[in-house]
Structure formats: structure tokens, C-alpha cells
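Me: I'd like to learn how to read helix packing and nonpolar cores in a model like this one. Could you walk me through it?

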Amino acid sequence: MLPPPAERRDGRAKRLIVIGAGIGGLATAFRLGQRLPTAQITVIDAASRPGGVIASTRRDGFLLEHGPDSLVTNKPAGMRLVADLGLTDRLVGIQPAARSSLIARGDRLIPVPQGLYLLAPGKILPFLRSPVLSWPGKLRLAWDLFLPRRPAGAPAESLARFVRRRLGREALERIAQPLIAGITTADPERLSVAATFPQFLEMEQQHGSLIRAMIHRQRTSGQDAAGPRYGLFASFPEGIQELTDALVRRISPTERDDGERIMVNTAVRSVFPTDRGWRVATAAGDHDCDGVVIAAPAHTAARLLTGDRALPELLRTIPAAGVAVVNLAYNDSEIPCLPQAAGFVVPAIEQPIVRGHGAPGLIACTIASAKYPGRAPAGQVLLRGFLGGALHEAVLHHDDAELLALVRRDLRRWLGITATPLFTVIDRWPRSMAQPTIDGGGHLARVAAIRAAEAARPGLSLVGNGFEGVGIGDLSLQAERAADRLAAALSATA
């Protein structure tokens, strides 16, 4: 940990402003408070509550997640954050009976073959027995064992091109696209494989084959390749909002007033440098500070950075997609056959719009009451449907009744549910998921240019899912780095 800087030469305590009270902004404010205990830290957000897309609420005995519902435990920065907030003992994993997923094919839900890790199988026999691919598709996927490695220095690939090259078109359409879309909501034709799943590139280079790499991974770990993947997901008894609530308590404790606080319902109009630091202009007035963190989507940061042309132009090159989340509550007697799984994903080629008879609907559905304990009362079921994403973002323009009709249409098709839900809750998150694309030289090159421009602006830090990863663990690491960078810069000018 860096030593705390002295006060300014004028005797005033250093002041820092964090714009954005989502997980990235709250984690950054928390880390700044650790590194700069004498600084005045203010978090500003236009929303009515802190937490951003993370929100967990109770209704009629159900625990609803309105945004993300999990964190992954193999991200060290995320686990450091959980530990430093005293929440490690409250982590709960996916229930054993739900540690599997399904893929829609026609009107059926087919289990993901045992040992399959996103793209390639780690066990041959379960994969051969599975109807998730046709026999020609299975034979084409097996050809991965004989294909040469991609030469070093070849142009960057999209995920779609990589999968077609190694595993074939059907593996892309039936396995990779729906499983990856369930994580990133992305268009695989534009998604940068190097920026999102570099482990697959490493597998190809090290083993010459994804299948050989997966078999090696399974043998050396001594575990089913599908098992640890589900074991890596975790939440809390009262939902993922426990994490942001704990951050809020640490950033703005009610028992003391030491200059750390959170301002909600406060829209920021612009951020620009001054001869003494930075100025943050809001509808309620201007705030001068020694350092500022913009913890927001890249397109929002671009809009706020007035008086600067180069950095906003770079930030605008990072696209984002929106998603809608629909919570639906049922009595379990109203669901003819509820599968024992965490949920299912829907390949883009199964969307009704592709088949010429209707608007796009579900891209994925979580059986929330099976996934984590305590999400629904006994004898009742909670489902979470997801719509939109990069391929079908226009669906977010439908009104609530139309969105609900699309979800119920697809639940009738794949779960046989015809009953009216006990209640539904719909949340829209427009432009919330950054898309690390291969456009314009690739996402990694764009982020490198953004970080170089950021370094040339002392006292400014950027945190968000448009940069190095989209999950809680990724944002926690960005928060640590932003706090370290500002602490070092302010120490140098103390």
C-alpha cells in the first residue's frame, strides 16, 4: 500500500471526486480511502440510489436480482474486495442440483455435454452422445485435432472466425454463440477473442488443438471440466447487492462525517482540468478537486470530458449493447417440467425472427430459485429472462407489455408454461454492456491508446467495463489500479 500523501502546501486536505456509484466507482472510492485516509472523497451519481446495475430487492418472499446475480471467485481482486469488506463468510455457491446448463434446439432443451467448457469438449463420449450437434457437426469439430496452429503474427480474429476455423460453423452457431452471448451479450462476428477469451488462443498455441487442451486440463485438474466452472460462481444470501451495500457503509458511514460521502440524484455535466486540478460541473454547482475518477461507460466518460478532443474520440470507439432483465414468479405446480439446471441459452439461429415468424425473444433464462438458495418461497419458482444484446438490441424499444409477451411466448415453447405469472418485474439497461470488438485495430489496441491518453492527464483515472473486463472482479482490479495511480500522483505533488 502506498504511504498517504501530506496535505497540500496550502494546508487544505486533498479532495477527490469519483463520478459513478456503480461497483467500479464504489470500489475505487473504497480503495482511495484506504490509500489516502486524510483525503476528502465524494462519489457523485445521477441515479436515485448507489449500486448502478447491481440491485437486489425482496418481494412477497422472493429475492429479485435486477442486474447481475453473481461474481466469479477466480478473480483475485474481486476476492480481495470481498475479504476486505468482511463478506467472505457470506459467500454462497450455486446449488449442486443446478450445476448444469441447457441449450435450446428446436423445441427441446438439451443439456450442455459433460466436460464442455464454452467451446470445446474435455470428455469425448458425453459429447458424442449429445444431440447438441449433428453428426456432421461433431465430425467437423473433431477435425480440430488435426488442424495446424495459427501462425504467430497473424491478424486479430473475431470469436466467430476463430471458432469456425478450429471447430466449424455448427459449433459456432449451436454452442459458442449462445454460451458466449449468455456472458457478454455480444455479436461473435465482431467480438475480439484476444480481448475476451485469450485462454483459447493460448490453448491453441500450447496444445495445437482445443480438444487436446481441454482433455489435458481435465486430466491434470482431476476434475470434470464442467464442474469447476459452475463452482466459480458465487453470490450472497441477500443477493449481490450485499457487496455494494457494504461498500456504501464503508465509504459513507453514518456514525461519523469525515468528508467521505455519496451524492445521488446529481447529474454531472462536464469534467475539465484547471490550473489547480480538476473541476466537476453539476446541476447543483461546480466542485474543484485534486483528482477525479470517471467510473462510467466509455461513452459517458467521452461526453463528460469537455475541453478535450483526443481522449473522448478514443472512448467513443468502444461500442456498448443493452439488455433487458425480466423477473417472473410462479407456483411450481404451474410449470409442467422444470429442468434441474441453472438455466438455458438460446442460439441466435433459434430466434423466431430468424425463422420469419415473430420478434426476437429470450437470449437466456436463469432458473433463479434453483441457482442460489433463498431466492423463492417453498413451492414457488423464480425465473429471470434476458433479451436484447448486440444482436437484438432493438427489442429494448418494445414496451413492457410487448417484452413480457415475448418472454412468455418463449417460456411456453421451452418450459411449457402457460400460466400467468404471480408477478413480473422488468428492468432495462441500455448501453450497459461494453463490446470488445475487433474493429479499428482491435479492443486491446484501443484500450492501450486510452490508457496512454489517461496517463498524460495527471489526476484523471478511468474505470469501467469498457476497458479491461466487464465483471466485478475485473472492475475491482481497475479500482485498485486507479487508486494506486491517484495516490502516487498526489503524493508527488503534495
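Reply: Gladly! Let's start with handedness: a crossing is right-handed if the near helix is turned clockwise from the far one by less than a right angle, and left-handed if anticlockwise. Keep in mind that this is a predicted model. Here, helix 5 and helix 6 cross in the right-handed sense.

Me: Which residues of helix 5 and helix 6 make the contact?

Reply: Helix 5 brings Leu159, Ala160, Val163 and Arg164, while helix 6 brings Arg169, Ala171, Leu172, Ala176 and Ile180. By class, that contact holds 7 nonpolar, no polar and 2 charged residues.

Me: How do I describe the geometry of such a pair?

Reply: Two packed helices are described by the angle between their axes and the distance between the axes. For helix 5 (residues 159-166) and helix 6 (residues 169-184), the angle is about 140 degrees and the axes lie 9 Å apart. Helix 5 is therefore oblique to helix 6.

Me: What is the handedness of the crossing of helix 1 and helix 11?

Reply: Helix 1 and helix 11 make a left-handed crossing. Their axes come within 9 Å, at roughly 35 degrees.

Me: And how should I read a core?

Reply: In soluble globular proteins, nonpolar side chains tend to be buried together. In this model, the largest nonpolar core has 41 residues, and Leu119, Val163 and Phe200 are among those with the most contacts inside it. Helix 6 supplies the largest share of this core, 6 residues. Leu119 touches residues including Val163, Ala176 and Phe200.

Notes: Residues numbered from 1 in each chain as written. Predicted model: local features only at pLDDT ≥ 70, side-chain atom pairs only at ≥ 80, totals over all residues. Heavy atoms only, no water. Axes fitted to C-alpha atoms, helices over the stretch in contact; angles between N-to-C directions. Helix = DSSP H or I, 4+ residues; strand = E, 2+ residues; numbered from the N terminus. Parallel < 35°, antiparallel > 145°, perpendicular 65-115°, else oblique. Contact = heavy atoms within 4.5 Å. Nonpolar A, V, L, I, M, F, W, Y, C, P; charged D, E, K, R; others polar. Core = buried A, V, L, I, M, F, W, Y, C linked by side-chain atoms within 4.5 Å. Buried < 20%, exposed > 50% of the residue type's maximum accessible area, 1.4 Å probe, protein only. Lists of a residue's contacts leave out its neighbours within four places in sequence.
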